[in-house]
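Q: I would like to learn how to read a few features in a protein model. Could we go through them one by one?

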Amino acid sequence: MHSTVPLPITLSRRRDKRMKTHDVQRRSGHRWKLVAAATVVIAGLITAPASPAVAGPPIDTTWSDSFSRANGVLGQNWVEARGTWRINSGQARPTTLVANGGPTDQMAIQNGVTLGNKYIVTADVTVPTGDRTWNGIATNVSTQANGTQNAYVFRIGRGANDTGGRWQVMQLTGSDGSTARQIASGLAKFEKGDTVTMSLSSAGTTGRLSASLAINGQVFLQQAAYPGFAAPQLYGGKAALYSLDGTGVYDNFSIETSSAAAVAPAPPAALQCTPAAGSSYTLPNQTPVFVSETVVDRALASHPVGQALLTNGSDQYVAYYNVHHELVVAKRTLPSTTWSRKVLDTEIGYDSHNYVTMQLDPNGNLHVSGNMHGVPLNYWKTSTPGNVQSLARVASLVDPAQEQKVTYPTFIKDKNGGLIFTFRSGGSGDGVNYYYRYNHATNAWSELIDGPLFDGEGQRSAYTGGQPRLGPDGMYHVTWVWRDTPDAATNSRLSYMRSPDLVNWETLAGTPITLPVKYNQPGVVVDDVPIYEGLLNGLAVQGFAGNVPIISYHKYDAAGNSQLYVAKAAGSTWTKTQVTQWSGRWDFGGGGSLQNDITLGRPSSLPDGRIALPFGCLGSQRTIVLNANLTPHAEVPTPPSHPSQVTTVRNTNPAWDLITQIAGDGGGGNYVMRWESAKSNLDKPRPDSEYPKENGTPLSIITLG
């Protein structure tokens, strides 16, 4: 059974000196309250509900130490593994500073409890008032023959010139912090002198950890950390106090763990996408015909990133990144091959999130936005219709304060042709989604709705499966998942709603929704998939079977294998069906742009009433044909969506492993734009020798018939 611990954890915990000095017991309850889809009261504050999680082996052993005893040695099964540790005024402290000859990466190990696969280790750690150092807790500690320790370390620090507190999750080897492998890190809201409650938790045998920070019971950081199976996994062992240089001050240390002996997290089996059914079915072949090709320029080839094509009558626009990483907008009048180009004042790095998008307003002016991943708004607009040379930067559209950390810009046309602009403000795990409406009479933007459409309450952010889609029923439909952290594995809770006008939203049952939509919104959940269970933004795609909404998505089955599922609206509820019987798992996680082993296309109706579910597995493009009751009828190769002149990689240099990139026509014309680039490198630069850095690749427009 593929199991997870509820992570991140919302906790309510006693913090007083009346706790027993040390206490080991077996029990069925928890001192922390682990909850799913419920609001938790913490020290008088209301926090966002915890993400749902699959129950795993029970935490049935607890140990705690308030350090409320006479000054002197730690006692109570504490082992001074590195440095000298003492009780001082009811707190545990190392006593030998590195500056005075003490060792680095000091630890006091609690030797009385061995950690199981599922645990929560917590301590109150005081932030030193001097210059930044690192103090915290350690888990899965093992002492080597030479006396050094291997461990996972969760540590915090704040220096005089730091703009905020800092935290890190590290994998420590041989008590050598200088070579420790950083797993996750970031900023957090604490000051010098604060006492911070730190928790490091294990997610069973999934190989994942979760780190949490709180002050006075208010949780302000919940962060997943994924060591990854590429490095040796740590399991079992002990818990410890940790100090880089001997400046730590600790209180209220506790361990909660499963008592069963820990076993090594097992790497998932390789994914095998066994066909869902027989191959006796012929799909309609709608592959267009190649007519002609026109080269626009040479495009950036260092990484895949979205570029844009827009045709409106005889006017054709392209927005792309050239070999100098500059954003360029070009325009021609069909059928001319002469382009007018405008280089905009922004340059891309290597982030595949930083696509460019564009659209025309009812006056014929072009609006362009792009090259953003959590940065201030990049936006340009022409002042003369049809003249890209008149493109000029627009500093702010509505409110500069909510346009400082922008990602995922998108233009939408409403039913009357009006222009709507939407984007995420904030980061992955704490962002909100704003929608603006353009008034072409006044050339001004305003908020379409009062505030954001989605609000993760600082605990998570919503990722939509594409922007609201106008369906055959005349309603706008949108699906989304919630993500707790930048770790792609922390998506949960597949959800859906619809609207007649993008302003007034309702559930599948027709119940009005009060905006903004929050995590515990009643009536919108399609499948309450927990974090770490295979739900991924981009792998939840909504289409229609006739006028009926249908959603395809990926998650893990009870055995931990990757599977495809389909949810079909049935009145006011959803019928959910597993449509594959695959073995193995695509075990994704971490931040940055992923290389997807699995892809999903939009489900749609077939002429005979069946449903086509296109997907990709390990590069093979297939379609599952579903009966009306969602049982698989056949699985066959997916007909090409474009002719070979578009899709075939033309690169002949064996040193360059390039892929074809395609942009459809945002104006609905019979054109596509193609170029080639290196594969994703998790938004990081790759060696110059691995792609045509100086000359890029041809960017061309292909006419289809």
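Q: Which side chain does Arg 437 join in a polar contact?
A: A polar contact is a pair of N or O atoms within 3.5 Å; within protein, one must be able to donate a hydrogen and the other to accept it, and residues adjacent in sequence count only if both atoms are side-chain atoms. Here the side chains of Arg 437 and Asp 414 are joined by one of 3.2 Å. Before we go on, this is a predicted model: local features need pLDDT of at least 70, side-chain atom pairs count only at pLDDT 80 or more, and totals for chains, interfaces and linings use all residues. Residues are numbered from 1 along each chain as its sequence is written, and side-chain values use heavy atoms, with hydrogens and water left out.

Q: Where does Arg 437 lie?
A: Strands (E) are DSSP runs of at least two residues, numbered from the N terminus. Arg 437 sits in strand E32 (residues 432-439). Contact means heavy atoms within 4.5 Å, and beyond four places in sequence Arg 437 has contacts that include Asp 414, Trp 445 and Val 503.

Q: Is Asn 117 buried or exposed?
A: Buried means under 20% relative accessible area, exposed over 50%, and partly exposed in between (1.4 Å probe, protein chains only). Asn 117 counts as buried because its relative accessibility is 13%. Arg 437, at 31%, is partly exposed. Asn 117 is in the loop between strand E9 (106-110) and strand E10 (119-126), and its side chain reaches the backbone oxygen of Val 263 at 2.8 Å.

Q: How many disulfides does a search of the whole structure find?
A: A disulfide is a covalent bond between the sulfur atoms of two cysteines; the cut-off used here is sulfur atoms within 2.5 Å. The search finds one, joining Cys 273 to Cys 617 with an S to S distance of 1.8 Å. Cys 273 lies in the loop between strand E19 (250-257) and strand E20 (290-299) and Cys 617 in strand E46 (residues 611-617), so the pair ties together parts that are 344 residues apart in sequence. The torsion about the S-S bond is about 70°, so this disulfide is right-handed.

Q: What does the side chain of Cys 617 count as, buried or exposed?
A: With 7% relative accessibility, Cys 617 counts as buried.

Technical notes:
Helices (H or I, at least four residues) and strands (E, at least two) are DSSP runs, numbered from the N terminus.
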